[in-house]
Amino acid sequence: MLGVFIYPGESLSCLSWLGAPRSARNAPVTWKIRDLAEDKPTLSCVTPTRTWSCDIPVPHPCPLSFQGHATSFFGPTLERYSSFQVNSSDDIRQIQSLENGVLFLTKTNLKYLSRGGLIIFDYLMDESEDMHSLLLTDNNTLLVAGLQNHVLEMDLNTVQETQKYTVEVPGITIMRQSNRFFFCGHTSGKVSLRDLRTFVVEHEFDAHSGSLSDFDVHGNLLVTCGFSSRMNGLACDRFLKVYDLRMMRATTPLQVHIDPFFLRFIPTYTSRLAIISQTGQCQFCEPTGLANPADIFHVNTVGPLIMTFDVSASKQALAFGDSEGCVHLWADSPEVTFNAYSRETDFALPCMVDTLPHLDWNQDLVPLSLIPVPLTSDALLSDWPAANSAPAPRRAPPVDPEILRTMKKVGFIGYAPNPRTKLRNQIPYRLKEMDNEFDNFSQVPESPIGREEEPHLYRVAKKYRKVTIKYSKLGLEDFDFKHYNKTLFAGLEPHIPNAYCNCMIQVLYFLEPVRCLVQNHLCQKEFCLGCELGLLFHMLDLSRGDPCQGSNFLRAFRTIPEASALGLILADSDEATGKVNLGRLIQSWNRFILTQLHQETQEQEAPQAYRGAGGSSFGSSGDSVIGQLFSCEMENCSMCRCGKETVRVSSTLLFTLSYPDSTEKPAKDYEFAQILKRSICLEQNTQAWCENCEKYQPTVQTRNIRCLPDVLVINCEVNSSKEADFWKTQAEYSFQKAMMKRGGFDITKGKEISLGDWKDLGNPDTGHSYPSVEELKNIWIPHAIKMRLTKSKELDVSNWSETDELSPTDDPESVYIYDLMATVVHILDSRTGGSLVGHIKVGETYHQRKEGVTHQQWYLFNDFLIEPVDKCEAVQFDMSWKVPAILYYARRNLNAKYNLVIKNPIEANVLLAEASLARKQRKCHATFIPLMLNEMPQAGDLVGLDAEFVTLNEEEAELRSDGTKSTIKPSQMSVARITCVRGQGPNEGVPFIDDYISTQEQVVDYLTQYSGIKPGDLDAKISSKHLTTLKSTYLKLRFLIDVGVKFVGHGLQKDFRVINLMVPKDQVIDTVYLFHIPRKRMISLRFLAWYFLDLKIQGETHDSIEDARTALQLYRKYLELSPQGAEPEEFRKVLKGLYEKGRKLDWKVPEPDSQSSPKHGAVFPPVLAL
């Protein structure tokens, strides 16, 4: 007799309760009311709930939603009837009762279940949908709407979409129906009236300026409540807007004495309105009369707010849901009727036996002794005679490989941390055989070192698996990156947040025009992806096989609002747990980065290096190099059925593959060129606005290409099993045709081929060099494509061979040959959450710079793992684990068109004086003297350098059973202060750079004891330091590196790593290695300064100026102790004395004497001028 209702929408959000109510669930009370307008209950029936909805003929109560869970109750005492899970992750937005079950709407899912919780159907919508409301228009038709710009019409018999209506104003959160119109309530505060047949807008009421809260329709009246925009916020309207549907105009607003949040008509004898506020006040009044304060009642809520409200179908009961998870039921009488024509309720059969413990058959460790066995005197089937049975002891399960890998032996006893994959002292009854573990992805992940081979089969090839860094107590210093990369090309480290885009960064780097463009680009913006990408590419150029990290680029990437709006910024947990579809994500990132680079380079005139040999400027006004390379002008034509044709011109930087419907059996054979042409010259039917008809009409939209790009970028859009099956089918067709070409055999699915036939296929008698059979499998895309624009601007696309050239009759201006340059693939591996890798054909210029040879070669780029691969491997896609995401085709001889000369855009003026970002910084606080023009550094000059850091994210580590610590994820550091001091000249030791780096990211630890940085030093509003941006200081250091200065410091390797700089080794003088004996401990700067210079430094905190000067003095001392041509034995004796002294003092500097050190007073006299 009872059912449930839910209020969806932007201003009527569904509830999500966190716990049970404070009142007792087992003592509901129903208060007798003679008239809802006169008496009010002082105590309500209280039951934990979230939403409820009115049921029909069956006397059920309502499924009440609790974070995707539904519970139904029976009768006026709200006795529990059923409880079940509807959705594991999303909240229920609306509930609709039907004759045979209940419809549940979540964000992207429509589920129909019986009242007992059995699934009748489950309809999954597109992931981009955000549904909020549904409306049952008749017994078999349903309208579903939400925050998107369309409404879906569904047939409940076939469970299919029958129509998709486009709406002009998105955000429909409430829908009602009368005998004349559909009423749609929008988040913008509008209510639109739509035709029942065509869903076309007939009338529209702009009810509230802020947002719509609720509305209801009865007879010829429409009443709304909502919010108005006041003082840059929303305020509740005390007036109900009343509209007369006969004249389609507003009547006198109804002023009420509460803040209305919900309203419902209760049409018993009159058209009475029930108006509810969120604080629990309830007022009854006539919509055309005056509200009387005496008609205000109060709901005694357990929680502070009323979150949902509805009226039963019989109009005899009201139900309220509050924010504490309780339902309050108001009724006419104790024997209230919820539905006018209720049927008998089907109850579950009572348990006929004693209560037994619950047995979970999915668990292997359930004791079989819990199963009850009947008492019988007859022999049981399991009582085999001894002659027919033999003892078979249970085989011991294999030891977990993770235990063996992490085991530490002490004598004959091994210790290992518990991987917690099994319960203690228990083994399952059913032991899985090793042969059945091929598809089991619940094993322990691969060792971070990555060198041990698992004893069982692994679907993903080893070089494609996700690589991780094994951290020791020395950090990364003893990690063997050369094991993963034996080339001279630089990999990228994956431990930085949002480093999923590493493979795409490599693709852009090995596209020569893009590399030259961004390295020539430099602008004044603090966060410019073009500038950061150019600086990162410079590091990749300098590296000789050592990995780089894109921390500064990703730092700028996180600040771009568009990237966050597109969902490209991932939380650490999302990437680690594999919850994100990386294939779809990298395709969105690809579109974003091309658009962003196009906009950033368009704002700045292109450099002279990009002026082509023919005299045409690549960087013409209004366009960018990215536009010239990737942009393609499109002609979009829309043809209405009335004959009106509309043509508009647009441009695109990439194309997305569009696949044909795969309903036909057997699947049709397509060449890749056919699908590509279909995707470029797309034709589709859609609803569009026709100015001639002045309404939305079915329109045929066609797209034609006007010009061909130099680089063809293709997003494969393989986001479901439907597209994956299409690729798999086409690869089988291609394999069949390739084998027929080799030996004339017809290889169809399921056909048996003899061993001799396979040998004939592998060794054809034609004398040609054919690839092996394995090299032909899982290949559909060609290595080259021929595209031609006819004189009538029609596009002709065909597969091409890498070795074929154009015929003399082909016009090179209209015929383009594209060679495959890169493929980005998504590796499906549930053990590690999956990853992204890239196959890239590295050109001759890159090999010439790195290796001094001229050739082309395909490489696999898997973060810091780089390995040469065969060209067929770049186009082989086994859809079970290797899914294509992005394809890059470059026009043949593309680089010959341009003069690809890189001119360093960083000039000497970056070292000159600059203004501080800090508002309180004064000249009297200056700690450095900028360089003058006559002091500009030259190659070989010494510069003392020191940097201080703060922590953005703490280190994640685990303690092993043997007491050692294992670092899972290192702490994320950010540079906070950089100091450079002069290393020669009259002002030797005087700093010329002392920059504090402003950061927008949250600092978790300022490390004041070690860095000297205090809270507030990096805040531009209150800092008294010389505050700059990271980009500004980075450019200063880059200029010094490019000039060729030599940096002197202590522990510079970590400093340059956090700053994200690649410095040639011959430009680094690190005192930590100058005074070091191999295989001995590193010595601190504080101890070296005391031992060699008699200086007491780093007393309370560290100071980067003091540390940089001390490093310079230590280098001078090193030159004294080890002059050119001196005996190395003498210096070795000095180091031995140093280590002996250190061991005696436990490497601690003695307490200072009463008198300060004579050397500590006047180290550099010119410093006093500061």
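K1117 and E1120 lie 3 residues apart, about one turn, in helix α20 (residues 1104-1121), helices (H or I, at least four residues) and strands (E, at least two) being DSSP runs numbered from the N terminus. The two form a salt bridge with closest N and O atoms 3.8 Å apart, the criterion being a side-chain nitrogen of Lys or Arg within 4 Å of a carboxyl oxygen of Asp or Glu. K1117 is partly exposed at 22% relative accessibility and E1120 is exposed at 56% (buried, under 20% relative accessible area; exposed, over 50%; partly exposed, in between; 1.4 Å probe, protein chains only). The model is predicted, with local features requiring pLDDT of at least 70 and side-chain atom pairs pLDDT 80 or more, whereas totals for chains, interfaces and linings use all residues. Residues are numbered from 1 along each chain as its sequence is written, and side-chain values use heavy atoms, without hydrogens and water.

The count of salt bridges is 37. R176 pairs with D214 at 3.4 Å between the closest N and O atoms. R176 belongs to strand β12 (residues 172-177) and D214 to strand β16 (residues 211-218), so the contact ties together parts 38 residues apart in sequence.

R982 forms a salt bridge with E935, with closest N and O atoms 3.1 Å apart. R982 is in strand β47 (residues 972-982), and E935 is in the loop between β43 (882-891) and β44 (942-953), 47 residues apart. R982 is buried at 5% relative accessible area, whereas E935 is partly exposed at 25%.
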